[in-house]
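The following note collects comments on the model under review.

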Amino acid sequence: MPIILIVQDYIWWSLNLIFAFKFILSIVLNKLYMMTSNEIRQNFLDFFASKKHKIVGSAPIVIKNDPTLMFTNAGMNQFKDYFLGNKKPSNPRIADTQKCLRVSGKHNDLEEVGVDTYHHTMFEMLGNWSIGDYFKAEAIAWSWELLTDIYKIPKDRLYVSVFEGDKKENLPSSQIALKEWSKLVPSDHIVFGNKKDNFWEMGDTGPCGPCSEIHVDLRSDEERNAIPGQELVNKDHPQVIEIWNNVFIQYNRKADGTLEKLPAAHVDTGMGFERLVRAIQGKTSNYDTDVFTGTIAEVAKITGKTYTFGDSKQDVAFRVLSDHIRAISFTIADGQLPSNNGAGYVIRRILRRAVRYYYTYLDYKQPLLYQLVDVLSRQFENVFPELYLQKSFVEKVIREEEKSFLKTLEGGLRRIEDIKVTNNIVDGKYVFELYDTYGFPIDLTRLIADEKGWKVDETGFSEALLIQKERSRADAKRETGDWVVVGDQMQSIFTGYDDLIVQDSRVIKYRVLKQKDQKLYQLVLTQTPFYPEGGGQVGDTGFLMFGGEIVKVTDTIKENELIIHIVDSIPYNVDSPVYGEVDELKRKLTENNHSATHLLHAALREVLGTHVQQKGSLVKDEYLRFDVSHYQKITDNELLLVEKIVNEKIRQNIELDEQRSLPIEEARKSGAMMLFGEKYGDTVRMVTFDPSYSRELCGGCHVRRTGQLGLFKITSESGIAAGVRRIEATTALKAEQYVNEQINELNAIKSFFKNNINTVKNIADLQEENKNLQKEIEKLRVIQAASIKEKLLSEATSKGGVKILSTRLKDMDSKSAKTLSVNLQAELGESIVLFGLEEANKPSLMLSISDSLTKSKGWHAGNIIKTLAKEINGGGGGQPFFATAGGTESSGLDKALSMLEECLNE
């Protein structure tokens with residue numbers, strides 16, 4: 001054979017072997033390589049960018065301009081105005097990944113999070129939207145393309161659901177969706193769903209429509225062969241789960257419950273990111289994906305415990321912590337601090353549940369959650385950078401909350417030791433008091449009760465809890481009527497930056513609300529000078545005139561992007577031209593205070609450091625309140641310096657530089673202060689008082705020159721949360737009034753002294769004199785107590801070898817009485833001493849029991865004194881050996897003293 005043929009043959013076989021090797025290698029690598037969660041998220045955004053979607057950032061998880069929601073609970077929340085027709089998008093195609101939070105509703109009971117493998121408090125929602133652009137055909141085709149071509153999810157594991165229609169609502173089945181899905185999947189992978197599963201509604205009212213869900217079957221092949229996947233769709237199977245919902249918004253739900261067709265149809269899709277990652281990475285639990293494994297590993301490192309991927313309480317604790325730290329951290333980073341009401345209470349409740357789990361099931365008795373913030377912030381640094389940029393602040397807030405609740409837990413454990421148990425049953429009302437007043441978890445009470453062989457009165461607890469919930473519902477109950485549309489224009493134009501009067505506006509729509517048995521009337525105008533509450537600034541007040549009819553504006557608010565006037569009545573003729581006038585004095589004073597917050601913010605950063613960030617504000621006509629991040633009390637000298645700087649800027653009479661509709665990138669480049677927790681649009685309003693001093697993005701109302709403020713005066717400084725300080729201040733007339741009041745008070749104090757040249761020295765001398773007199777009084781009281789001790793010893797009676805003394809003490813304070821009680825018991829031996837006291841016309845009781853008697857007789861001073869306190873119309877408690885009680889009825893003291901032996905015999 002010619003050499004050339006041998007060489008050609010060799011090359012041919014070599015190339016084939018190389019290609020075969022590369023093919024086999026690619027298969028092996030595909031098996032070994034697992035797409036990361038970051039890649040999965042980016043692939044989603046890149047895919048829809050290729051479909052001409054505008055990629056936008058996540059809105060804050062905390063909602064500010066929507067009274068129907070506290071938190072963003074779906075990807076569509078930030079686009080609500082587009083669906084309602086209040087605003088038009090620059091691009092009708094949008095996609096994003098959105099931080100969401102759910103702690104109630106279908107499948108979202110907080111107590112179940114961490115127990116199962118696929119529900120969360122905070123989660124990411126990947127979504128794509130069409131605002132009157134593409135509809136069902138494109139949405140369905142693209143969702144299938146992304147899942148099967150890009151993410152490579154096996155087609156035979158996917159099932160889709162289609163709305164079957166609803167005769168009661170006169171809603172037809174989704175024939176278009178069925179037609180489009182039939183092009184892509186076999187009929188046995190299409191499931192028909194009822195209104196409960198396949199008709200999405202934003203709330204009791206508003207945009208809604210049929211939806212088409214995509215489910216994935218993650219079971220083993222053996223399980224899939226035994227039971228077909230379509231039989232498990234929407235059956236709460238932990239391995240057959242919904243990953244994507246395509247909502248086709250076609251209707252509007254009215255307040256009377258009826259549906260009307262929308263003029264334009266929209267697409268609103270949402271895909272649970274954590275579930276998607278689980279499906280792509282081939283895991284059986286969301287918590288086994290790289291979304292959570294980093295946090296779980298950090299918990300293991302901190303606690304020394306091991307996560308075993310099971311259902312034990314210890315494993316549940318790992319999952320609870322890895323979930324809850326996300327909700328807690330991102331809400332704080334977005335501006336919501338833990339508190340006792342509203343959204344802040346929800347965050348506190350989530351945090352306390354996490355603490356309870358690590359305290360009880362990981363046996364960790366010191367703050368833990370704050371130690372997870374670093375890992376979490378680095379994980380999301382390039383996705384949600386607001387947490388990374390505020391890491392130390394968030395850590396500080398969480399740590400202080402943990403420390404506080406750990407003390408509560410310890411205090412609750414002590415209270416349980418003092419609990420009154422009847423027939424081994426713990427009173428449900430007392431358990432509820434522990435839960436509601438002291439924040440002590442019910443399941444921890446159950447656990448402790450079980451260890452002691454007690455049972456919790458569950459019926460009593462449930463009844464008390466139900467009463468509280470019904471009371472809360474009654475307080476929050478609000479009936480919203482449908483908007484009555486009057487004009488064709490749907491958007492309201494704000495003119496209040498330039499004018500406080502509008503001459504020829506018109507009513508767009510109006511409605512009536514009922515809340516707490518009161519009626520509220522709301523109007524929307526085509527143009528208005530009334531500023532709606534927002535950015536800390538209160539809403540304007542004033543009046544509207546319809547012909548000769550005057551309607552009072554009591555407040556102005558903003559729902560999403562809609563400016564709403566709260567009025568005292570609906571005018572008789574809503575079609576007539578509207579004259580509107582803002583209360584000028586109130587607005588001007590409010591502008592003073594709003595501009596003062598900008599000057600104050602800049603001064604604080606200059607004096608304390610650039611770590612200072614605004615964390616909240618309230619701007620009214622009477623005063624301003626400004627919350628900032630700072631880790632210690634602001635000293636008097638620092639406050640004086642801040643005040644001095646602000647007043648210097650006022651005297652410089654700096655002119656306002658206001659730029660409206662400025663592209664966001666230009667504002668960023670100019671160095672404008674941008675607040676965490678705010679959602680900025682493509683264009684913004686920038687307010688500047690001297691480019692080198694104060695430049696912020698702000699939608700509020702401001703003075704034309706700083707000289708209008710006249711005077712700035714700080715009235716108080718305090719701490720409101722860990723790492724957050726609050727400053728209150730006034731300007732102009734109120735500042736002048738405040739200073740005059742302080743001077744008048746000083747002059748009044750001076751008038752009490754003959755020599756009023758050095759008032760500070762005079763007061764210091766007076767305090768020293770008072771201190772010395774108090775010491776003399778203490779000495780006299782000790783002598784008094786000693787003088788009556790012998791008399792009281794002789795009055796003690798003996799019963800069963802126990803000395804009992806029950807008597808009323810006159811002209812003696814509680815401190816001296818306690819000392820006397822200790823001295824008496826030292827001489828009496830095993831004894832019980834009960835004193836009745838009266839200080840400043842307020843009766844009190846003091847009970848001491850020898851420690852040995854609390855053990856041998858089972859007597860408990862805290863329980864006994866609660867019974868005795870009823871006679872003085874009061875209450876009290878304490879430890880087994882010592883307790884006190886206070887009341888209001890002095891006439892009952894003698895009876896309370898006489899009942900001691902009766903209580904001992906019970």
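1. Lys 183 has a relative accessibility of 58% and therefore counts as exposed, the cut-off for that class being over 50%. The coordinates discussed here and below belong to a predicted model. The side chain of Lys 183 forms a salt bridge with that of Glu 180, with an N to O distance of 3.3 Å. Glu 180, by contrast, counts as buried, because its relative accessibility is 12% and the class is set at under 20%.

2. A salt bridge of 2.8 Å, N to O, joins the side chains of Asp 217 and Arg 219. Both Asp 217 and Arg 219 are buried.

3. A further salt bridge connects Glu 717 and Lys 633, whose closest N and O atoms lie 3.1 Å apart. This pair links distant parts of the chain, 84 residues apart: Glu 717 belongs to strand β29 (residues 712-721), whereas Lys 633 sits in the loop between β25 (624-629) and α19 (636-651). With 13% relative accessibility, Glu 717 counts as buried; Lys 633, at a relative accessible area of 48%, is partly exposed.

4. An open sheet is made of three strands in the order β26-β27-β28, with antiparallel pairing. Strands β26 (657-663) and β28 (694-697) are at the edges, each pairing on one side only. From one strand to the next the twist averages 20 degrees.

5. Within this sheet, β27 (residues 683-689) and β28 are paired in the antiparallel sense over four bridges. Phe 689 stands opposite Ser 694 of β28. Helix α18 (residues 584-608) packs on the sheet, where it touches β27 and β28, and its direction makes about 120 degrees with that of β28.

6. Which residues of helix α25 (residues 861-869) are buried? They are Ala 861, Gly 862, Ile 864, Ile 865, Leu 868 and Ala 869. These residues lie on the same side of α25 because they cover an arc of only 160 degrees around the axis.

7. The packing partners of the buried residues of α25 include both strands and helices. The strands are β33 (831-839), β34 (842-849), β35 (875-878) and β36 (882-886); the helices are α26 (893-898) and α27 (900-905).

Definitions and conventions
Residues are numbered from 1 along each chain as its sequence is written. This is a predicted model: local features need pLDDT of at least 70, side-chain atom pairs count only at pLDDT 80 or more; totals for chains, interfaces and linings use all residues. Side-chain values use heavy atoms; hydrogens and water are left out. Two strands pair if DSSP finds at least two bridges between them. Helices (H or I, at least four residues) and strands (E, at least two) are DSSP runs, numbered from the N terminus. Axes are lines fitted to C-alpha atoms, for helices over the stretch in contact, and angles run from 0 to 180 degrees between N-to-C directions. Contact means heavy atoms within 4.5 Å. Buried means under 20% relative accessible area, exposed over 50%, partly exposed in between (1.4 Å probe, protein chains only). The arc is that of the directions from the helix axis to the C-beta atoms. A salt bridge is a side-chain nitrogen of Lys or Arg within 4 Å of a carboxyl oxygen of Asp or Glu.
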